[in-house]
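Let's take a walk through this structure together. Please have the sequence and the 3D view open as you read.

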Amino acid sequence: MIEHVSRMRGAKGAGEDRVTVVPRGQGLVVALADGAGGSGRGARAADLAVARLAAAAQLRELDATAALKDVDRQLAVLGGEAAAVVLAVTASQIKGASVGDCAAWIVAPDGNVDMLTARQHRKPLLGGGASTISFTAPVTTGTLVVGSDGLFSYAATGRIGAGG
C-alpha cells in the first residue's frame, strides 16, 4: 500500500523549493525542484521544472531522465537553473532520475538508509547542461524521503531517519 504525505517547510521566506505529487494508477510520481539562487530566476526555474515534470507524469510510461533533459533544454532558453529529482513509485518499484543536490532516500524501520540519489552529479544543474543520473529500487518497507539541500545538507541523517 502506498500512502503519501507532502510537507514543505522553509527556514525563512518563500524559498525556491517546489514539490508536486501526482497520483498515477496504483502509484504516484513525486517531483521536487530547488531553484538556484543568486540569479533572481531560481524560483521561476523551480516552478517551470515542477510544472513540466508533472505534465510528463501524465504520460503512460514516465521516462524520468528524458523528462529532466527536456526541462534542462527549456530552462537553457528561458533562463534560470534548478536542481531536481523525479520518481515514479509503484507497488513494486521506484524509478527516477536526479541532478543537483535534491535527493531521495528510503529509510527502513530499523533506521538503515538507502540513498537512491547517492551517485548524482551536483553540477551542472537543469538549465546549464545538466548531467542526470537514473536509479531504480524495489519498494521495501520504510519511508521514502524526498527533499532538497535544505533538508539533506542541514539535518543529521539520524534525525531524518527518525522523522525529526
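The paragraphs below go through the sheets, the helices, a loop and a pocket.

A word on the ground rules: this is a predicted model, in which local features need pLDDT of at least 70, side-chain atom pairs count only at pLDDT 80 or more, and totals for chains, interfaces and linings use all residues. Residues are numbered from 1 along each chain as its sequence is written, and side-chain values use heavy atoms, with hydrogens and water left out.

Helices (H or I, at least four residues) and strands (E, at least two) are DSSP runs, numbered from the N terminus. Two strands count as paired if DSSP finds at least two bridges between them. By these rules, five strands form an open, antiparallel sheet in the order 1-2-3-4-7. Its edges are strand 1 (17-24) and strand 7, each of which pairs on one side only. From one strand to the next, the twist averages 10°.

Thr20 has Ala31 of strand 2 as its bridge partner, and Arg24 has Gly27 of strand 2. Two residues lie between the strands of this hairpin, where Gly25 takes a positive phi near 55°.

Which strands does helix 1 touch as it packs on the sheet? Helix 1 (residues 42-56) touches strand 1, strand 2 and strand 3, and its direction makes about 165° with that of strand 2. Helix 2 also packs on the sheet, touching strand 3, strand 4 and strand 7, at about 25° to the direction of strand 4. Contact here means heavy atoms within 4.5 Å; axes are lines fitted to C-alpha atoms, for helices over the stretch in contact, and angles run from 0 to 180 degrees between N-to-C directions.

The two helices also meet each other. Helix 1 and helix 2 pack at an angle of about 145°, with their axes 10 Å apart. Residues of helix 1 in this contact include Leu48, Arg52 and Leu53, while those of helix 2 include Leu68, Val71 and Leu75. The contact residues divide into ten nonpolar, one polar and two charged. In this scheme Ala, Val, Leu, Ile, Met, Phe, Trp, Tyr, Cys and Pro count as nonpolar, Asp, Glu, Lys and Arg as charged, and the others, Gly among them, as polar.

Strand 5 (residues 103-107) pairs with strand 6 in the antiparallel sense over three bridges, and Ile106 stands opposite Asp114 in strand 6.

The loop between strand 6 and strand 7 holds Pro124. The peptide bond from Lys123 to Pro124 is cis, with omega near -5°.

Finally, visit the second largest pocket. A pocket is an open set of points on a 1 Å grid over the protein atoms alone, where a 1.4 Å probe fits, with protein on both sides within 12 Å along at least five of seven lines; lining residues have an atom within 4 Å of a point. About 260 Å³ of space lies in this pocket, the volume being the space filled by probe spheres set on the points, which are joined across faces, edges and corners. Of the 18 lining residues, Glu61, Leu62, Ala88, Gln93 and Lys95 are the closest to its centre.
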